[in-house]
Amino acid sequence: MHPSAIVRAATDAGLDGILICDHNAADNVAAVGRAARVSGCVAVPGMEITTEEEVHLVALLPDVAAAGVLHARVAAALPGRNAPAAFGEQVIANEAGEVLGFNASLLAGATSWTVGRATDEIHRAGGLAIAAHVDRERFGIVGQLGFVPPDLALDAIEVSATTAYDAGRRRYADPLGLPAVTGSDAHEPGAVGRALTYLHLDHAEASEVRRAIRAEGGRAVLGGGRPMEDLALHILDIARNGAEAGATRVEILVDEDPATDTLRIVVTDNGRGMDADTAGRALDPFFTTRQTRVVGLGLPLLRQAAQAAGGGLRVASEPGAGTRVEAVFGLTHLDRAPLGDVETTVLVLMASHPDVDLDWTHRRGDREYSLAAADLRSALDGASLGSPAGLALLRSAVRHGEQTLAATAGNRTRTEKQP
């Protein structure tokens with residue numbers, strides 16, 4: 001878990017950046033930042049603070065200097081000293097993995113700060129205060145206090161990797177009017193990237209992340225999810241492949257058919273396409289033609305998910321004629337991965353590829369809704385789909401469509417259960 005190992009795990013997972021948060025300390029933040037710069041990854045300084053109520057708050061800090069200031073204040077609020085025999089050595093390392101020393105404070109303990117005081121101290125250091133893993137019983141603010149104090153000046157809510165992002169956002173963040181983020185909360189390199197947040201930035205750096213969470217200057221939190229599990233993020237990955245292969249048009253269909261107990265996902269593009277040999281090798285997890293980092297393993301992982309749910313994957317492609325990917329799943333199969341947050345998929349695709357004509361259709365039984373990028377652009381009167389107005393329109397359209405489908409399914413279920 002030394003700095004370079006963490007950064008290597010992040011780049012291997014395809015992440016553009018990480019928020020590095022030791023518990024009640026920031027000794028290793030600078031070293032992670034140096035390792036990240038060498039790897040072309042962004043390391044945002046942070047800290048995970050335990051309050052006296054045993055609530056975890058994440059501090060997202062503007063720079064290493066601010067992390068150092070908050071570190072000193074937290075250290076003064078930590079009672080007791082570490083017992084290495086019980087809790088292990090608390091190593092301070094450089095980017096080469098060399099041990100420079102040990103933190104003697106009891107980092108596993110709680111500070112003497114209340115939740116309110118900790119939030120104030122984070123803001124005093126110039127940081128943003130995020131309620132960590134709010135959906136968890138232990139150390140989450142709702143689990144520890146039973147509620148979120150109405151006067152607590154939080155900047156965001158974090159949903160853990162154990163909860164579907166869209167469900168966590170609706171339950172915990174939306175009622176408070178706060179943005180929802182998610183992440184791996186990794187305590188070992190292998191867990192890095194198991195959940196992630198998509199941000200709309202001007203460029204990749206720590207200050208931009210702060211602006212996105214605060215929705216400043218057109219920056220925004222687009223959504224999040226679990227790349228290895230959520231089918232919506234598989235769709236995102238495949239559609240981005242098409243856009244980056246020169247496609248000017250991408251069509252996506254998500255078809256949930258209770259009558260046949262199938263979930264069908266079809267992604268079609270008019271990009272460069274592939275010859276038969278390349279199309280066959282595209283299902284090899286160790287083969288890629290992409291030059292940019294990508295989260296997940298693309299088609300091989302989607303095929304594995306489909307087969308696990310009693311279905312399969314078909315890829316049809318010709319050079320110059322585009323590519324069609326169709327994945328079929330048992331809709332109610334116990335091993336079917338969750339669909340995940342389709343809002344994230346639509347927003348990320350349209351915001352990051354505003355000139356691609358993307359058509360999205362989600363069908364459930366005999367009801368469906370569709371979104372066409374061309375129609376949305378017309379409604380924006382010249383504004384980009386990646387602009388604040390464009391993102392607001394996209395969110396509204398997707399949420400309305402999904403809520404309509406959910407309401408229709410709920411009404412049908414209640415009707416069918418009536419005698």
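## Exercises on helix and sheet packing

Helix H9 lies across strands E11, E12 (262-269) and E14 (322-330), at about 20° to E12. The model is a predicted one, in which local features need pLDDT of at least 70 and side-chain atom pairs count only at pLDDT 80 or more, while totals for chains, interfaces and linings use all residues. Residues are numbered from 1 along each chain as its sequence is written, and side-chain values use heavy atoms, with hydrogens and water left out.

Helices (H or I, at least four residues) and strands (E, at least two) are DSSP runs numbered from the N terminus. Axes are lines fitted to C-alpha atoms, for helices over the stretch in contact, and angles run from 0 to 180 degrees between N-to-C directions. Contact means heavy atoms within 4.5 Å.

**Exercise 1.** Describe the sheet that contains E13 and E16, and state which strands stand at its edges.

*Solution.* 
- Step 1. The open sheet has six strands in the order E13-E14-E12-E11-E15-E16, with mixed pairing; two strands pair if DSSP finds at least two bridges between them.
- Step 2. Strand E13 (312-318) and strand E16 (367-372) are the edges; each has a single partner strand, so one side of each lacks a neighbour in the sheet.
- Step 3. Direction ignored, neighbouring strands of this sheet are turned by 5° against each other on average.
- Step 4. E11 (residues 249-257) and E15 (residues 357-364) pair in the parallel sense over eight bridges. Arg 249 has Asp 357 in E15 as its bridge partner.
- Step 5. Helix H11 (residues 299-308) also packs on the sheet, where H11 touches E13 and E14 and makes about 30° with the direction of E14.

**Exercise 2.** Characterise the packing of H9 against H12.

*Solution.* 
- Step 1. Two packed helices are described by the angle between their axes and the distance between the axes.
- Step 2. The axes of H9 (residues 231-244) and H12 (residues 342-352) come within 8 Å and cross at roughly 20°. H9 is therefore roughly parallel to H12. Angles under 35 degrees count as roughly parallel, over 145 as roughly antiparallel, 65 to 115 as roughly perpendicular and the rest as oblique.
- Step 3. The crossing of H9 with H12 is right-handed, that is, the near helix is turned clockwise from the far one by less than a right angle.
- Step 4. From H9, Ala 232, Leu 233, Ile 235, Leu 236, Ala 239 and Arg 240 meet Val 342, Thr 344, Thr 345, Val 348 and Leu 349 of H12.
- Step 5. By class, this contact has eight nonpolar, two polar and one charged residues. Ala, Val, Leu, Ile, Met, Phe, Trp, Tyr, Cys and Pro count as nonpolar, Asp, Glu, Lys and Arg as charged, and the others, Gly among them, as polar.

**Exercise 3.** Carry out the analysis for H1 and H2, then list the buried residues of H2 and what covers them.

*Solution.* 
- Step 1. The axes of H1 and H2 come within 8 Å and cross at roughly 40°, which means that H1 is oblique to H2.
- Step 2. H1 and H2 cross in a right-handed sense.
- Step 3. Pro 3, Ser 4, Val 7 and Thr 11 of H1 make the contact with Ala 31, Val 32, Ala 35, Ala 36 and Ser 39 of H2. Six residues of the contact are nonpolar, three are polar and none is charged.
- Step 4. Val 29, Ala 31, Val 32, Gly 33, Ala 35 and Ala 36 of H2 (residues 29-39) are buried; buried means under 20% relative accessible area, exposed over 50%, partly exposed in between (1.4 Å probe, protein chains only).
- Step 5. The cover over these residues includes H1 (3-12), E1, E2, H3 and E4 (91-93).

**Exercise 4.** Locate Trp 113 and decide whether Trp 113 is buried or exposed.

*Solution.* 
- Step 1. Trp 113 sits in the loop between E5 and helix H5 (115-124).
- Step 2. Its relative accessibility is 3%, so Trp 113 counts as buried.
- Step 3. Leaving aside residues up to four places away in sequence, Trp 113 touches residues including Ile 49, Leu 70, Arg 73, Val 74 and Glu 121.
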